Every structure is written in C-alpha cells, then in structure tokens.
Amino acid sequence: MKYIKIILGTFIFLLAWQVFILILKIPNYLFPSPVEVFNSLILNYKTISLNGLITLAEAFFGFLLANSISIIIALFISFKNRYENLVMSMAVTLKTIPIIAITPLLVLWFGSGFYSKIITAALICFFPALVNILRGTKSIDKNLIELFNIYSANTSQKIKLLIIPSIMPYLFSAFKVSSSLAIIGALVGEFITANKGIGFLIISNYYSLNIAAVFANIITISVIGVGVYNLINFFEKKIIKWNTIENY
Amino acid sequence: MIKIESLSKSYEDFLVLDNINLEINDGEFVSILGSFGCGKTTLMKIIGGIINDYTGVVEIDGISPVKILKKRKIGFCFQKANLLPWRNVIKNISLPLELNGDKKSLDKSIELLNLVELSSIATKNVWEISGGTQQLVSILRSLSLNPDILLLDEPFSSIDEISRDKLHNKLIEIHKKTKKTIVMITHSINEAVFLSDKVVILTKNPAKIIEILKINFFKRDESIKKTKNFVAFVNQIRFLLKG
C-alpha cells in the first residue's frame, strides 16, 4: 500500500509537471518537461551513471573520514571530558566557515582531483556527525558504566562491549544526516573545479543550456542520496534490534 | 566473615552512618532494613569496596573490601536489572566472565541458568523476558564469577507481588545450592523475614543499628508466612522501625 501511494504520487506529480509545461508553453532551455528529462536520462545514462559513481565515491570517502574522526573524538571526550569545551569550540569554528569559501583553498592544497572533493565532503558532514555521536556517548546509562567499573573492565573492553553498542542508535542517526551532506559536499567541490562527477555535468550542461540534462543529473543525484539513506536505514533496522528501548 | 567495627561515614558535614558494628558469618543471608535514604546503600557500597573513604574497620576475612572487589569476589545486583539490551540472556550472564577473560564463559552461564531451571530463555533477548526474570538474570550475572559474597540492593522493589514471591523462592534455592553470603537491602519487612537468617534494622539519619534480629525457621517456604512466629517477627520489626 505504501509503495502504491508513492508510485501514484510520483505519477500525479509528473503528469502535473507535463501539463504545466504544455499549457504555459515554457521553452525547454528554461524548464524542460518530464518527457525531455527522461529522454536526456536515457540518452546520457552511461555518462550520468559513470559520473554518478565518481560523486558517490567522493561522498563515501568524505563520509567515512568525517565519521571516523568524529567517533575517535567522541571516544576521546568520553574518557577525558575536560577537553569537551575545547574540542567543541574548534568544531563550531570549523562549522561557521562557509564551505564555498574554503573549497578553492582545498583545491589549491589537495589538487583539483579526487582528494579535494573528499575533504569538502568530510568538512561539510563532520559537525553534525560529531554532535550526534557525542550525544550518544553522553547518553550511556550511568548504571552500566558503574557495572563495568565494578567488574574492573579495561578501556578497550568498555569501548567494545559498552560504548560502541550504546551509541549505535546515535551513530546511525549521524550516518543518516551526514550521508546526504557528504553528497552535497562532493557536489560543491565539483562545482568549483572538476572534470568529472555529477557536479561537473550539472555545471557544463548549464553553460550549454542543456537544462534537460541538468535536471537528469539532479534527479540522479537525488536518487543516489535517497538510496544511500535507505541503505543506512536498512542496516540500522537489521543491527539495532534493541533500539525499542521502551520495550526493555 | 564480614566484620564491621565502629564504622562511620559522612558526606561533607552530613553524617550518614554512625558507629556501625556488625558481623556477618560465611553463608549467612542478612537483610538490612531502614527508612528511605538512611544510608543503607552507602553501607552496602562500603561492604562492596565501592566506597572506601570512611572511618572504622571493615574487613572481609581480614582483607579490605577494595582488595576483595579487585579479586572480583563480590557480586552486585542493583534495584534496576542493568542488563545490556544488545546482548541476549546468556551473554548478559557471561559478561563478567568475558571481562575476566574466561574462555568457558558460556558453559558456566548455562550452568547458572540450569540452577534456576531457566535454560530455555538462554538465547532470548532481554526485552522479551519479564521484569522479574530480568532481575533474576541480573542475580545470576552477579553469581557468574563465583563470588564469596553477593550484595543485593533492593533487587525486587520494582517487581509485582506475584513475580516477587516466585523470585524469593528462586533466591532461597540459589542460597541453598551455592551457600554464598548474601547481604540484601530491602524496604519490605515480609521479604526480610522470609529470606534472611539475620535482619539488621537501622535508624534514620544518621543510620545506627537499633537491633539485629536472628530469624530461625526450620524450613523456608510459603507456609511459614502464616505462622505466629513469622507474624511476630514482622510486628517486632515494624515496631522498631516506627521507633
């Protein structure tokens, strides 16, 4: 029923879009019809999918980098919480720097290729990931911490058997927020300077007024974003069965 | 044997425990009764080696509780079961063994479940079992390292009456089979009389021992609750607590 509603909703939306274009006679270099977008998607599917994979790879490594650093920092703070204010003020400072302003510098430092896009993606999703994971480390049940202390658990046992499982729901929440942000970060990096990736295709098609192709690329990257989000959601449900904490 | 001599404990200027003297023999089941916030948990944490800044002497077989705790010879069970929801029943029981590096942790945990005839729930998730059973699992976990002493802090306070009766019988069974020294904090007079060999009654702040009652029953089952002797113990303790 849920899927029927989604399909029906999408069909009505596309139909309204097509009718809207036909009635108002909007030229396709301003606003293409869904049929034109679909044709462009079919015509360029090889180029779009190849470049889509490149953007996805940049976003993935940026996501991985940001979340790994966030986990390490959160674990560090959970044992040495006197450093929390220092780390958070540095993270907030980083957050306030507009990513669009720093990207040319990243290109200068890391080159116009893959690495600068990874760093851009990592920078944009670092802060929300850190905040979520830190919230997780703070929410660990004090009674469980006391229990592990009573049994003289060492640091690695605490991390492996208590902290990581405890913060899992927050980790997945961080993954969900940062996955879409990482894609935006990779796109921003490609907008500044690139010769491949969806961001590059959007910009180059825009300059040649191939707006149908611009739409095709936007739709592709949206589908990738939704796909990644749902994949994380799927793993979350598979892994965190105890998240129904009210049942416990 | 647990030996407590002239034990006093303050939090800043607030005296919580005042000159406590108590001896608990090996294998004895002792309940500590007192009004809310009178320092029972503090006393238990001192016996368990969690709190070590106090005046007086506390020894377990001549050794300080802190050292005994480090040897993992004390088992704790709290008011809340404190089970790890991401581990199933058997893995919760085996947690202390796993932390201790015991490679036979699962086998030993199954043995403990067999002790209370609950091996059927071994692979169940903790949220699939009742609150009472969760508490029982928590008690079994505290027994997993085969401690000499078991400290129970109001373990049945959040459990309904019917489940509580069943758990009392299970605890008697555990005590009979393992012969551990058990120290339990409780608010329930009936529970203390039914389960214990000795009941320690504390006054309000600062906590002092009013009376140590020896409870002697030939057997411990539901039938003793109807005896004159049982009712007399309950009334005596109620009178002492009203002070």
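Helix H6 (residues 131-143) of chain B and H7(B) pack at an angle of about 15°, and their axes lie 10 Å apart. Axes here are lines fitted to C-alpha atoms, for helices over the stretch in contact, and angles run from 0 to 180 degrees between N-to-C directions. H6(B) and H7(B) are therefore roughly parallel to each other; angles under 35 degrees count as roughly parallel, over 145 as roughly antiparallel, 65 to 115 as roughly perpendicular and the rest as oblique. The crossing of H6(B) past H7(B) is right-handed. A crossing is right-handed if the near helix is turned clockwise from the far one by less than a right angle, and left-handed if anticlockwise.

This is a predicted model, in which local features need pLDDT of at least 70 and side-chain atom pairs count only at pLDDT 80 or more, while totals for chains, interfaces and linings use all residues. Residues are numbered from 1 along each chain as its sequence is written, and chains are lettered from A and ligands numbered from 1 in the order in which they are written.

On the H6(B) side the contact with H7(B) uses Gly132(B), Gln135(B), Leu136(B), Ile139(B) and Leu143(B). They meet Ser163(B), Lys166(B), Leu167(B), Lys170(B), Ile174(B) and Thr178(B) in H7(B). Two residues are in contact if their C-beta atoms, placed from the backbone, lie within 7 Å. By class, this contact has five nonpolar, four polar and two charged residues. Ala, Val, Leu, Ile, Met, Phe, Trp, Tyr, Cys and Pro count as nonpolar, Asp, Glu, Lys and Arg as charged, and the others, Gly among them, as polar.

**Chain B: domains**

Chain B is assigned domain 1 (1-21 + 34-71 + 197-243) and domain 2 (72-187); such bounds come from an automatic or database domain assignment. The centres of domain 1 of chain B and domain 2 of chain B, taken over C-alpha atoms, are separated by 22 Å. Contact between them involves 12 residues of domain 1 of chain B and 11 residues of domain 2 of chain B. On the domain 1 side, helix H1 (40-47) and helix H2 (65-70) of chain B each supply at least two residues. H1(B) gives the largest share of that side, four residues. The side of domain 1 of chain B that touches domain 2 of chain B divides into six nonpolar, three polar and three charged residues.

**Chain A: helices and domains**

Chain A has 10 helices and zero strands. Helices (H or I, at least four residues) and strands (E, at least two) are DSSP runs, numbered from the N terminus. The C-alpha trace of chain A spans about 75 × 50 × 30 Å along its principal axes.

| Helix pair | Angle | Axis separation |
|---|---|---|
| H6(B) and H7(B) | about 15° | 10 Å |
| H6 (residues 114-138) and H8 (residues 155-192) of chain A | about 155° | 7 Å |
| H8(A) and H10 (residues 211-239) of chain A | about 165° | 10 Å |

The angle between H8(A) and H10(A) is about 165°, which makes H8(A) roughly antiparallel to H10(A). Their crossing is right-handed. Among the residues in this contact are Phe172(A), Phe175(A) and Ile183(A) of H8(A), with Ile224(A), Val228(A) and Ile232(A) of H10(A). The contact of H8(A) with H10(A) has 11 nonpolar, four polar and two charged residues.

H6(A) and H8(A) are likewise placed, at about 155°, and are therefore roughly antiparallel to each other. The crossing of H6(A) and H8(A) is right-handed. By class, this contact has 18 nonpolar, 10 polar and three charged residues.

The domain assignment of chain A gives domain 1 (1-31) and domain 2 (32-247). Their centres, taken over C-alpha atoms, are 31 Å apart. Eight residues from domain 1 of chain A and eight residues from domain 2 of chain A make the contact. On the side of domain 1 of chain A that touches domain 2 of chain A, six residues are nonpolar, two polar and none charged.

**Between the chains**

Chain B and chain A each contribute 14 residues to their contact. The chain B side consists of 10 nonpolar, one polar and three charged residues.

**Confidence**

The model scores ipTM 0.82 and pTM 0.82. The mean pLDDT (the predictor's confidence in each residue, from 0 to 100) is 91 for chain A, where 98% of residues reach 70 or more. For chain B the mean is 89, and 100% of residues reach 70 or more. Among the elements of chain A, helix H4 (residues 84-96) has the lowest mean pLDDT (88) and helix H3 (residues 45-79) the highest (95). In chain B, helix H7 (residues 161-178) has the lowest (85) and helix H3 (residues 89-93) the highest (94). Over residues 244-248 of chain A pLDDT stays under 50, and the model has seven contacts beyond four places in sequence for them.
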